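Here is a short report on one protein model. It looks at helices, strands and cores in turn.

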Amino acid sequence: MIGRKLQGLREELRERGLDGYLITGTDPHQSEYVPLRWRTREFISGFTGSAGTVIVTMDKALLWTDSRYWIQAGKELADTEFILMKDGEKGVPSVSEWLSGSGLRIGADGFALSLSEKRRLVESGVDIILTDDLLSPLWPDRPSVPCTPVREIGVEYAGLSASQKLDAVRSELRRKGADWTLISSLDDIAWLTNLRADDIPYNPVFVSYAFISQDKAILFVDSARFPEDILKGVSSLYSIASYDSIMNEGKGLFGGKGYISPERTSAFIASMMSSFITGRDITTDMKAMKNETELEGMRRAHVLDGVAYVRFLSRLDRNGKYTEIGLARMLEEERERLEGYEGPSFSPISGWKEHGAIVHYAPDEESDAAVEGNGLLVLDTGSQFSFGMTDITRTLLFGEATEEEKRDYTLVLKGHLALARAAFIEGTRGVQLDVLAKQFLWREGESFFHGTGHGVGCNLSVHEGPQRISSALIDVPLRPGMVISDEPGVYKEGRHGVRIENLVAVREERTTEFGTFYSFETLTLVPYERALLDISLLTEEEINQINCYHEVVRKSLSHYLDGEALRWLESATAPIRK
């Protein structure tokens, strides 16, 4: 099947006089998780991960993806023509390096290629030609553009009305000296309008564009998806134009000086604009710093999620027999009982033994492993609530642990705790904190290569920018109200994985003569895995930190629980002694 698709694409390239084709695998809004219609990377290669770039030439087919997916991609590309390019590995050229100086004329869908990526390729000497989507003729049963019903988020959850948010954007446009902005980012538009839909699995967004100037606001979206009462309210702030009409109406709107995000605006859309300045979408920074209403919603979500998780853990027989999917489903059943629960915030990761070493492993019917005997399960799941969101990873022990498993778990936990108790001065970037989570693994010659922390949305996307904690040099200071994950890990191919993840919120701690200092408020409320602790590796400070955290968990959840669940919680949070 993959071979026939490659053959068809190469025939199309010959007809157009192109030497190759670049496939980003994203949609016209540069989304990380995309609707079925635009899963082009998966269609052409069979690779199901959420990140990666494909290059197809007349004699080669290559897939670049980062370390989270190296094991997964290796398995999914097996028995195909595709060569895995381990992006970030020493000696492996980047996409632009591989193409630079090749003399190849490379086509790319102008809607799926961002302006920033086009600029990088051109600056690297790549001959890039914008085209329409060349995969459409090869995809007879291609899914249509999604059009799920739109619903509204009340101010009691959002904290600010859609009118207040629109006013704030206009104020920022004036400050930047821009006449208008076009927002392509789907989660930004959902936040701005206080609207949600289900166009992308696990991401409550709707396919659209938002144009804002001082005297106009236009939402490019299919009006048929709005209930009448919601449409009336939206129409009081925005003119509604069809989604596809952006190509016809855009040139008439893009006069004067615009402001756009080059990372989220497609090269095709940008080509219609004559004058603009660039930067992050105005709404991205606003959205990242949760207001107090949103923070209260996030806290409430974590209390409820902690209740469900404890009920799940109290039901587990650690010497019983399960499957990876079955365990994820058991946890989901507990969450479905919760008030305000809307579903998972992402596809569950449930990896037993060697599957736990695949960072973003998602079991299916073929790979679903039996969980029995001795081993570790990496369980990374999350909940979407109407008022908040959770994302939690716990590594669970079944049977008896080896000394290596205990050691690995404890080293990861030490890094997790070090980051959680960090104090840092105003202006600190995530890259400056990253070593806190890695230091103990590094001392033992071990590490992990995914980000230590990603931003998290409130009833939106589980991965939200611009803040991150990682080795990447991202120039975004951590600010109060930002919610971010704390999730170090270690992965040993063919053996096991360990990851521990809590969500934390940046808060102001104090101001001294040296400046303002911040710390983290831990939101997640689920005990750590006591049976995997190597107490000899823990300091008194770390033991006290674990005990204090467990005391907060117990006090926060106990009055929601009874019977076996309450007894399990009391045992799981009892003080640890050296």
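## Helices H13 and H14

The angle between helix H13 (residues 292-315) and helix H14 (residues 324-335) is about 135°, and their axes lie 8 Å apart. Axes are lines fitted to C-alpha atoms over the stretch in contact, and angles run from 0 to 180 degrees between N-to-C directions. Helices (H or I, at least four residues) and strands (E, at least two) are DSSP runs, numbered from the N terminus.

Which residues meet here? On the H13 side they are Asp 305, Ala 308, Tyr 309, Arg 311, Phe 312 and Arg 315. On the H14 side they are Leu 327, Met 330, Leu 331, Glu 333, Glu 334 and Arg 335. Contact means heavy atoms within 4.5 Å.

## About the model

This is a predicted model: local features need pLDDT of at least 70, side-chain atom pairs count only at pLDDT 80 or more, and totals for chains, interfaces and linings use all residues. Residues are numbered from 1 along each chain as its sequence is written, and side-chain values use heavy atoms, without hydrogens and water.

## Helices H15 and H16

Helix H15 (residues 403-420) packs on helix H16 (residues 434-443) at about 155°, with the axes 7 Å apart. H15 and H16 are therefore roughly antiparallel to each other. H15 contributes Leu 411, Val 412, Lys 414, Gly 415, Ala 418 and Leu 419 to the contact. H16 contributes Leu 436, Ala 437, Gln 439, Phe 440 and Leu 441.

## Strand E22

Strand E22 (residues 392-398) is mostly covered, with 7 of its 7 residues buried. Buried means under 20% relative accessible area, exposed over 50%, partly exposed in between (1.4 Å probe, protein chains only). Ile 392, Arg 394, Leu 396 and Phe 398 point one way, while Thr 393, Thr 395 and Leu 397 point the other.

E22 pairs with strand E19 (residues 375-381) in the antiparallel sense over 7 bridges. Strands pair if DSSP finds at least two bridges between them. Opposite Thr 393 of E22 stands Asp 380.

## The nonpolar cores

A nonpolar core is a set of buried Ala, Val, Leu, Ile, Met, Phe, Trp, Tyr and Cys residues joined through side-chain atoms within 4.5 Å. The largest has 53 residues. Phe 312, Leu 316, Leu 327, Phe 398 and Leu 557 touch the most other members. A second, separate core has 47 residues, including Val 150 and Leu 192.

Terms used. Angles under 35 degrees count as roughly parallel, over 145 as roughly antiparallel, 65 to 115 as roughly perpendicular and the rest as oblique.
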